[in-house]
2 protein chains.
Amino acid sequence: MNTLFKNATVLFPDGTTKPADIAVQGNKIAQVGSVAPDWQADRIIDASEKLAVPGFVNAHTHASMTLLRSYADDMNLMDWLQNKIWPIEAKMKKDDIYWGAMLAAVEMIKSGTTTFADMYGDMEKVAEAAIQSGLRAVLSRGMIGSAPNGETAFEENKQLFRDYNNAADGRITVMFGPHAPYTCPPAFLRRVAAAAQEMHAEVHIHLAETKGEVENCLKDYGKTPIELMEDTGILDCGVLGAHCVYLSDHDIQLMAKYHVRAAHNPGSNMKLASGIAPVTKLLQAGVCVGLGTDGASSNNNLDMLEEIRLAALLHKVDTLDPLAIPAKEAVRMGTEYGAQAVGIKNTGRIEAGQLADITLFAMKGAAWCPRYDLTSLLVYSADSSSIDTVMVDGKILMENRNLLTLDEERILFEANRCAMRISK
Amino acid sequence: MNTLFKNATVLFPDGTTKPADIAVQGNKIAQVGSVAPDWQADRIIDASEKLAVPGFVNAHTHASMTLLRSYADDMNLMDWLQNKIWPIEAKMKKDDIYWGAMLAAVEMIKSGTTTFADMYGDMEKVAEAAIQSGLRAVLSRGMIGSAPNGETAFEENKQLFRDYNNAADGRITVMFGPHAPYTCPPAFLRRVAAAAQEMHAEVHIHLAETKGEVENCLKDYGKTPIELMEDTGILDCGVLGAHCVYLSDHDIQLMAKYHVRAAHNPGSNMKLASGIAPVTKLLQAGVCVGLGTDGASSNNNLDMLEEIRLAALLHKVDTLDPLAIPAKEAVRMGTEYGAQAVGIKNTGRIEAGQLADITLFAMKGAAWCPRYDLTSLLVYSADSSSIDTVMVDGKILMENRNLLTLDEERILFEANRCAMRISK
């Protein structure tokens, strides 16, 4: 199936926008520019008055937790976890995991996300949602090494890799998901690192999210979480580190040395009052920083354009530098850097040879007026409701805001049904 | 004209949501609850599956600057002002002021704002936009006391008061708009304070927006901007102070003592890297804090729900307290506190006796699912694209997202035309 987007306005990798056609051959972008009239398109889509951006990459989420959206907010972290989140999670069955992930898939496609990196349990249900929705997914089994089910989870993660790595025409990859240094003892992490290296898998892990975590780690091991990860061999695996809020200069050096990629979650870090990650320092040190929403129970949505905007705004005020994270850098964090962060080498840019993961914004309405600078409008003014069309791997998942792979009404119904059951 | 919203879900002043009908008689809310079937409604609107919230109050903006949206971003303040904003503003004529304000009106109504507090020049054109759109407006002529046109501006502000205070069935009120302590010498401010008191007008002024402003004020006058305002008599007038980012404890005491109301602009303060206002301290001290977008050239939109969310998120991470500015307090800042801040006593709450300024959200789509807590969904998950109906002063300005008082297409066309002219 070859698709030609005619007369689009394209956001190029350098952050500029220019009129261009986009020719998609199979699952890849074949040409960007003036495509010859005789190019063999099965389908021609008029993309005039549309801004084509690389599909957003949600570099850290827990899709099934979308089922917990608005269940508990404005609480202290341990109160929230112990009295609300863990008890309700204990009631979630495979059916809930599935419909939670399907609800997330609806929301992600409608807000222009084309790839998500996920960590949770019963991940074969999340894989199913990715397969059915057509989304690209990087899945890991969240493992609490210190929990009674730690070993089972480890086995499940290995099985997940065997069953799903490179599945769905390569749309799914699998990582190992040790939850965090404070929930996985060093011996467990060493075994995970060994298994990951043996299976050529990478690792997705929460790192240095809160001040307390770092203080406890220093007390228990005399090392920061990042240093401890070096020690356990985790850093040798290729690491997607979620949060990375509290980092020493040495931590940042280590992250650069081992090519650790950070998934920055500004919305979640703000809402949970975790802190502000040193994103400008990380970028200066050459560390790849993608963006994530975290789970919808701590965000409370999966809207990547919001995270892009938050990243652009938060680090300006944090560093008191209005030049920090300019619009084009913020959008790169949500696309190209995100793709690198989750370990997908050839998506996140609209250029020939890349996987055809494309989001089209209809530049309609006051938010897009006047049009001095489209990248500024995208990052600082528009919202995801102007997303019109979403393509993943060369296949259109949404057109004119209608989902083509998912039954939105049914999914909302089932998600509400599951939510009512688990919250009873 | 009496309107009955049947079967709405209402956001009550205490932050809870419950099913209720809303009966609107003339320009006021007559009843909230179970309205008797024989209540004389000229029009009955089915509001089932709709969340009725008080219309948002944008407590600080420069509507006509919407024409400069995306013209210049990601720059240092003085570079931005001197090399981009001031030169293009110098080219703006009355026609541009008008269409800029009309563009703002389109955007405000579509994003659920019912009242805006504005400061700019040629304010009779903004008044015209308010009259035509049906919005409630609190207008002030921005006066640079130290500029050659300072006296003219002062006269214009007086004339604006005489022509428009209490105009449009009381929808418009007028304040004095001395721009800021650093642009208006104390002698000028004293005259403004005297004129305002004589005319029974209040004052809208930028206060303590940047660190440099406060440092210079201390150097020049040995007082903080707030202390200087006490000295000049401005604080005796009833003051809407925009920004209030850099405040000493004494400043906060003064603000409480003189009932100064703050317009907090989280998006603008973040984007311009001004700093983080001590909002939780202000609220604790009993100071009224509303929310504003500031102008669209430094935001870059007029979406109050975004400001509500930013306020809720920013002060959590700033204070490292996840309980700071909970959802229901954030929405109050964008509604009830905003109304108090701009000096309108009887709007901002959905209850009998209040002015009928109401925004209805259609609770459709993934962002509203599941529905454990509607206030949380409103503040942390939904976006303004789910706003369906907007009523101001008992009159419907938008229904099913269609603007009833404004010709959206024409306004976007004219705004683009003006933008092309001034940016040439």
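1. The largest cavity is lined by 18 residues. E306(A), R309(A), D383(A), E306(B) and R309(B) lie nearest its centre. A cavity here is a set of points, on a 1 Å grid over the protein atoms alone, where a 1.4 Å probe fits but cannot get out; lining residues have an atom within 4 Å of a point.

2. This is a predicted model: local features need pLDDT of at least 70, side-chain atom pairs count only at pLDDT 80 or more, and totals for chains, interfaces and linings use all residues. Residues are numbered from 1 along each chain as its sequence is written, chains are lettered from A and ligands numbered from 1 in the order written, and side-chain values use heavy atoms, leaving out hydrogens and water.

3. The volume of the largest cavity is about 230 Å³. Volume means the space filled by probe spheres set on the grid points, which are joined across faces, edges and corners. α12 (304–319) of chain A and α12 (304–319) of chain B each supply at least two lining residues. Helices are DSSP runs of H or I with at least four residues, strands are E runs of at least two, and both are numbered from the N terminus. The lining divides into 8 nonpolar, 2 polar and 8 charged residues. Ala, Val, Leu, Ile, Met, Phe, Trp, Tyr, Cys and Pro count as nonpolar, Asp, Glu, Lys and Arg as charged, the others, Gly among them, as polar.

4. The whole structure holds 6 cavities of 30 Å³ or more. Helix α13 (residues 327–333) of chain B gives the most, with 3 residues. Where does this cavity lie? Domain 1 (2–54 + 356–403) and domain 2 (56–64 + 112–341) of chain B both give lining residues, so the second largest cavity lies between them. The domain bounds come from an automatic or database assignment.

5. The largest pocket has a volume of about 1,400 Å³. A pocket is an open set of points with protein on both sides within 12 Å along at least five of seven lines. Its lining has 50 residues, with S385(A), R401(A), D383(B), S385(B) and R401(B) nearest the centre. By class, 15 are nonpolar, 16 polar and 19 charged.

6. I44(A) sits in strand β4 (residues 43–46) of chain A. Buried or exposed? I44(A) has 56% relative accessibility, so it counts as exposed (buried is under 20%, exposed over 50%, partly exposed in between; 1.4 Å probe, protein chains only).
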